[in-house]
Amino acid sequence: MQISQLRFVLPVAVFAVVAAALGVGLTLDPKRVPSPLIDKPVPEFSLPPVTEEGEGLASTDLQGQVTLVNFFASWCVSCQVEHPLLNRLTEEDIVPVYGINWKDEPANALRWLKALGDPYARKGSDVSGRVGIDWGVYGLPESYLIDRHGRIAYKHIGPITERDLDNTILPLIERLRG
Amino acid sequence: MRFSTAIGLSLALFFLAGAPPVFAIGAGEALDDPALEQRAREIGKSLRCLVCQNQSIDDSDAELAQDLRRLVRERLSAGDSDDAIFDYVVSRYGDFVLLKPPFKPATYALWFGPGVVLLLAGAGAFVYLRNQSRRRTADADLTEAERQRLEGLLEDD
């Protein structure tokens, strides 16, 4: 290539690279921080039940099968958005859903579940929020897919939509079971 | 309002707006031991509040920031080292939680990128300027034939 050609091509090439990098940057969401806990065993915890007669939830419950752990709270508005989908997962027996009621008043949580339905096979109450911090929770709702060996396979930040379910979560459940 | 007063006021507003926010640390949150509290502040200043993202947990009023401040102080009181606390928080939230990114292969582009760009730009500017000056000296040196032709052209007028 001649020098005169290079003087034209080089700035255009540099611009193209910078524009492409910035373009990719625009499609990323800075609110979604990747979790360092992927492929790691779930943090050890043991939580009391939300109700007095319930069973509570502990890390030992998340062994032996693929499960979905959902952090929710009655004060969390977008939790209401995904809640019907969680109900469906339980009604149609797609995957066991476990709940962790994060930084919430148990009485409020019970009222909330009575109104919207309770999809959780078991649920624990994390009033102080400490267990959530161990899981790297920083905003609700957050959901985690746990594999058979009790390792975190996937973290979903924000409400689960129909599309997330069909495109990401259900195929991943199939693969984890396979 | 006089013009100078207006300028003065808007300048004052400008600097007030840019003033660092008052610490969000609430009453009763601070530790009694001033040395431990000092370490807690240093740690709190370098941990990002993931709810607000561009504030440290010391600057943020978010509940999660408050919880993390409490956690830092509990661990300090229990005798943890600063590094142990950073390691714990990073193991839960990832490197992004550190306001100062760590120096490791994944962040080399971040740390070296600006220097590399500066070097490339400097090299580009050097080559450009050298070519310019070379062309200028080349222009100054006319051959004998060129000078005669030039004089011929000038005389024609």
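**View 1. Chain B reads α-α-α-α-α-α along its sequence.** That is 6 helices and 0 strands, where helices (H or I, at least four residues) and strands (E, at least two) are DSSP runs numbered from the N terminus. Buried residues come to 15% of the 157 in chain B; buried here says that 20 or more other C-beta atoms, placed from the backbone, lie within 10 Å of the residue's own. This is a predicted model, with pLDDT of at least 70 needed for local features and 80 or more for side-chain atom pairs, while totals for chains, interfaces and linings use all residues. Residues are numbered from 1 along each chain as its sequence is written, and chains are lettered from A and ligands numbered from 1 in the order in which they are written.

**View 2. Strand β6 of chain A, residues 142-146, is mostly covered.**

**View 3. β6(A) has β3(A) as an antiparallel partner.** Look for 5 bridges to β3 (residues 67-72); strands count as paired if DSSP finds at least two bridges between them. One pair to pick out is A:L68 with A:L145.

**View 4. β6(A) and β7(A) make a hairpin.** β7 (residues 152-157) pairs with β6(A) in the antiparallel sense over 5 bridges, and A:S143 has A:H156 as its bridge partner. The hairpin leaves 5 residues between the strands, and A:G150 in the turn shows a positive phi of about 75°.

Notes. A residue is buried if 20 or more other C-beta atoms lie within 10 Å of its own, exposed if 12 or fewer, and partly exposed in between; C-beta atoms are placed from the backbone.
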